[in-house]
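I am keeping short notes on what I looked up in this structure. The sequence and the model come before the entries.

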Amino acid sequence: LNLALLPGEAVITSGLDVDSGLLQLRLPANQSDLTFTSKMTPVERIVLRASGDKRLSEKWKLDVGPVWHIDYQGLPVIHHQDSSGAWLPTWAPWPGEEVSVNVTRPIAKKGNLLTIDQSMLEVTPGRRVTDSKLSIEVRASRGGQHKIQLPPQAVLRSVKIDGIAQPVRQAGRDVSIPVRPGKQRVEMNWRSEQGIEFAYQTPAVDLGVESVNHSIQVRPGEERWTLFLFGPSMGPAVLFWSMMVIVVLLSLILARIGTTPLKWYHWLLLGVGLTQASLVGAAIIIAWLLVVGQRDRYFASLESDNVYNLTQVAIVLLTFMALQSLFDAIRFGLLGLPEMQIEGNGSSSQLLKWYLDRAGTVPDSSTLISVPLLYYRLAMLAWALWLAFALLGWLKWSWQVFERHGYWKGSGSVLKVRIRKKKSD
């Protein structure tokens, strides 16, 4: 049978004859199929027309390359995708039906040949120097050199591409990274002759192109007392200062109760120190002071001796528990690390994390306000000394309240016996 070829179509399979635009197909006995390949000059319009030979049953599948765009009119498509989900328009025409396919090549848009899918800047500041590490995931469509500009006074230490060290040198502040087509991971390490200070700002690195999924990680170390943090909105926050607002309000409320000798500033100083202790311990200390202060008002006139005695026992137990809690607060304050309640984006006092979903060529920096840990130690020492002198007065006051109206009340008469020793001759 003869199969009509498309205009400009040339069969490249050997052993087949073409005459006047008709491909002559011969199927020997016991052969159920025959496949051939042809090519044609690119055209803007292709017309597929089903043969009028009733012996033929045709099915067309149009597999289009990614650089081409098609529009078709005529016979509807029966399937748009194949079994694997790939786009493959399919037609099942009847004799004489046709489909007109318009083929165009989209105009290329101007864009970057290189993009950064992810970047991370890890900073470890010390007393005199700062070690930094920049990790970027690069995706490029063409090989070449990509320039990254380091911060001032930075000295490049090493460059790795996909975990393999590269002999890359620094020219001033510029570092040229060899880039190949495809994806690759680049790691750069450098050191700056600048240590951490009161207001420390993370180094600004010029990535050369805009980045997405940019992260900043800072490890301030255990020798710093972090006070404030500034940076991208998705990052850590010092919750200690919001807690201090609650402490101030609670101090004013407790001072208005008026059953203890503590003024509002006494409660405030006590609360500031207890923020470094456990919440349970702070609650025990406050409960001890309030129970002792309310003893005369609620329990002195009780007729039941048992309730009075239970109150005395409770005061003794609360006193010992409060003293233990105060001792723990002093010990944690003098020997432990400051608890500034740093939370947000998985951060802690020893690891600060910021995140930017979209960053410019030079991503935003983060700022850390901190002082040496010695200032925290001195502050806690001053608080401990104040607490020691204040506690002496609180214990004296609590003992006076405890012994007032008697240490213990018992039912029945009390037998008093006086023994006199007679002077011998």
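Predicted model: local features only at pLDDT ≥ 70, side-chain atom pairs only at ≥ 80, totals over all residues.

Entry 1: I then looked up the strand order of an open sheet. The sheet has seven strands, in the order β16-β15-β19-β13-β12-β21-β25, and its pairing is mixed. Which strands stand at the edges? They are β16 and β25 (352–359). Each has a single partner strand, so one side of each is left without a neighbour in the sheet.

**Entry 2: β15 and its partners.** I went to strand β15, residues 154–161, and checked what it pairs with. Strand β19 (residues 182–192) runs antiparallel to β15, and seven bridges join the two. In this pairing I found Ser 158 opposite Asn 189 of β19. β15 also pairs with strand β16 (residues 164–165), again in the antiparallel sense, over two bridges. I looked up both residues of β15 that take part. Lys 160 has Ala 165 as its bridge partner in β16, and Ile 161 has Ile 164.

**Entry 3: the turn.** β15 and β16 form a hairpin, with two residues between the strands.

**Entry 4: Asp 117.** I picked this residue from strand β12, which spans residues 114–125. Which side chain does the side chain of Asp 117 meet in a polar contact of 2.9 Å? It is that of Arg 139. I then listed the contacts of Asp 117, leaving aside neighbours within four places in sequence. They are Glu 137, Arg 139, Lys 183, Val 212 and Asn 213.

**Entry 5: helix α1.** This helix covers residues 240–257, which is 18 residues. From its first C-alpha to its last it reaches 26 Å, close to the 26 Å expected at 1.5 Å a residue. I looked up the buried residues of α1 and found Phe 240, Met 244, Val 247, Ser 251 and Leu 254. Why do they lie on the same side of α1? They cover an arc of only 90° around the axis, which puts them on that one side. I set a general rule beside this: an α-helix has 3.6 residues a turn, so residues three or four places apart point the same way. The face turned away from the buried side carries the exposed residues Ile 246, Leu 249, Ile 253 and Arg 256.

**Entry 6: after the helix.** Last, I checked what follows α1. It is Gly 258, with a positive phi near 75°.

Terms used. Residues numbered from 1 in each chain as written. Heavy atoms only, no water. Helix = DSSP H or I, 4+ residues; strand = E, 2+ residues; numbered from the N terminus. Polar contact = N/O pair within 3.5 Å; in protein donor to acceptor, adjacent residues only side chain to side chain. Contact = heavy atoms within 4.5 Å. Pairing = 2+ DSSP bridges. Expected span 1.5 Å × (residues − 1). Buried < 20%, exposed > 50% of the residue type's maximum accessible area, 1.4 Å probe, protein only. Arc of directions from axis to C-beta.
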